[in-house]
Amino acid sequence: MNSPTTLLSNKAARTLLLLLVLPLAGGCRHGIEISGQGRVTSASGARDCQANQSPCRFTVEGAYQETFTAIPASGWLHDAWERCQSPSRNQCSFNIAADVVADFADADIPGAIARFRLPIQPSFRDAQGAFVLPPGSATDQLAWLLGELRQDLTSLNEIRDHFAPEFLSSTPAAAVQEQINSLR
């Protein structure tokens with residue numbers, strides 16, 4: 001059995017070796033962070049990350065070529081990638097030349113962030129369970145505007161009836177009429 005002194009000297013020797021060898025490796029550290037509930041898999045299988053492990057850090061040596069895929073947990077959606085070289089839907093890819101990786105030797109590069117979110121649930125249901133906007137002036141104005149988009153023309157008098165005089169003092173009724181026409 002090893003004595004405590006031998007174990008200490010073995011541990012010290014390993015630490016010294018790591019301190020001497022790591023700078024020669026020329027690698028940097030990159031990673032994945034997860035915001036929300038989900039996981040990230042890597043095409044190589046060597047850089048997967050679970051939400052309970054986040055942030056995950058990986059040593060990168062040589063050329064850095066990896067594609068990550070964000071997989072939402074049940075009931076969650078993948079929202080976006082942040083700090084990703086090439087995001088595409090739920091995938092995030094990196095393709096960085098070895099000389100660029102070497103330029104960042106021993107550096108901690110900010111990790112890519114996989115953002116997950118809960119879906120937005122409609123807030124207003126009527127007695128039958130259908131989603132409807134609540135009654136009020138904003139809903140009435142929206143209904144009028146949507147109806148006007150189905151018509152051939154919106155008169156200046158209609159615009160004056162549906163917009164506050166304070167608004168029309170800074171935006172002429174003819175400009176509002178032109179905007180409605182352009183939406184048609």
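Predicted model: local features only at pLDDT ≥ 70, side-chain atom pairs only at ≥ 80, totals over all residues.
Residues are numbered from 1 along each chain as its sequence is written, and side-chain values use heavy atoms, with hydrogens and water left out.

Reader: In what order do the five strands of the open sheet stand?
Author: Strands are DSSP runs of E with at least two residues, and helices are runs of H or I with at least four, both numbered from the N terminus. Two strands pair if DSSP finds at least two bridges between them. The pairing in this open sheet is antiparallel, and the order is 3-2-5-8-7.

Reader: Which residue in strand 5 is the bridge partner of Val 40?
Author: Strand 2 (residues 38-42) pairs with strand 5 (residues 64-72) in the antiparallel sense, over five bridges. Within strand 5, the bridge partner of Val 40 is Ala 70.

Reader: Which residue in strand 9 is the bridge partner of Glu 33?
Author: Strand 1 (residues 28-35) pairs with strand 4 in the antiparallel sense over five bridges, and there His 30 has Phe 58 as its bridge partner. Strand 1 and strand 9 run parallel and are joined by four bridges. In strand 9, the partner of Glu 33 is Ile 113.

Reader: Which residues make up the covered face of strand 4?
Author: Strand 4 covers residues 56-60, and its uncovered face holds Arg 57 and Thr 59. Ile 32 stands opposite Cys 56 in this strand. The covered face consists of Cys 56, Phe 58 and Val 60.

Reader: What pattern do the disulfides of the chain follow?
Author: A disulfide is a covalent bond between the sulfur atoms of two cysteines; the cut-off used is a pair of cysteine sulfur atoms within 2.5 Å. The structure holds two disulfides. Cys 49 bonds with Cys 56, their sulfur atoms 2.0 Å apart, and Cys 84 with Cys 92, at 2.2 Å. With bonded cysteines counted along the chain, the pattern is 1-2, 3-4.

Reader: Why is the disulfide of Cys 84 and Cys 92 assigned its handedness, and what is that handedness?
Author: Cys 84 is buried (under 20% relative accessible area, where exposed is over 50% and partly exposed in between, with a 1.4 Å probe and protein chains only), at 15%. Cys 92 is also buried, at 0%. The torsion about the S-S bond is about 120 degrees, so this disulfide is right-handed.

Reader: Which residues are linked with Arg 29 in a network of salt bridges?
Author: Arg 29 is partly exposed, with a relative accessible area of 28%. The network links Arg 29 with Arg 57 and Asp 108.

Reader: Is Glu 66 buried or exposed?
Author: Arg 47 and Glu 66 meet in a salt bridge through their side chains (2.8 Å, N to O). Arg 47 lies in the loop between strand 2 and strand 3 and Glu 66 in strand 5, so the pair ties together parts 19 residues apart in sequence. Arg 47 is buried at 15%. At 4% relative accessibility, Glu 66 also counts as buried.

Reader: What is the relative accessible area of Val 132?
Author: Val 132 lies in the loop between strand 9 (112-117) and helix 3 (137-149). Together with Phe 124, Leu 133, Leu 142 and Leu 146, Val 132 makes a nonpolar surface patch of about 420 Å². Patches are made of residues with over 30% relative accessible area and no salt bridge, with like charges joined within 9 Å and nonpolar side chains (Val, Leu, Ile, Met, Phe, Trp, Tyr) within 5 Å; areas come from the Shrake-Rupley method with a 1.4 Å probe, and for residues only the protein chains shown count as cover. Val 132 is partly exposed, at 39%.

Technical notes:
Salt bridge = Lys/Arg side-chain N within 4 Å of Asp/Glu carboxyl O.
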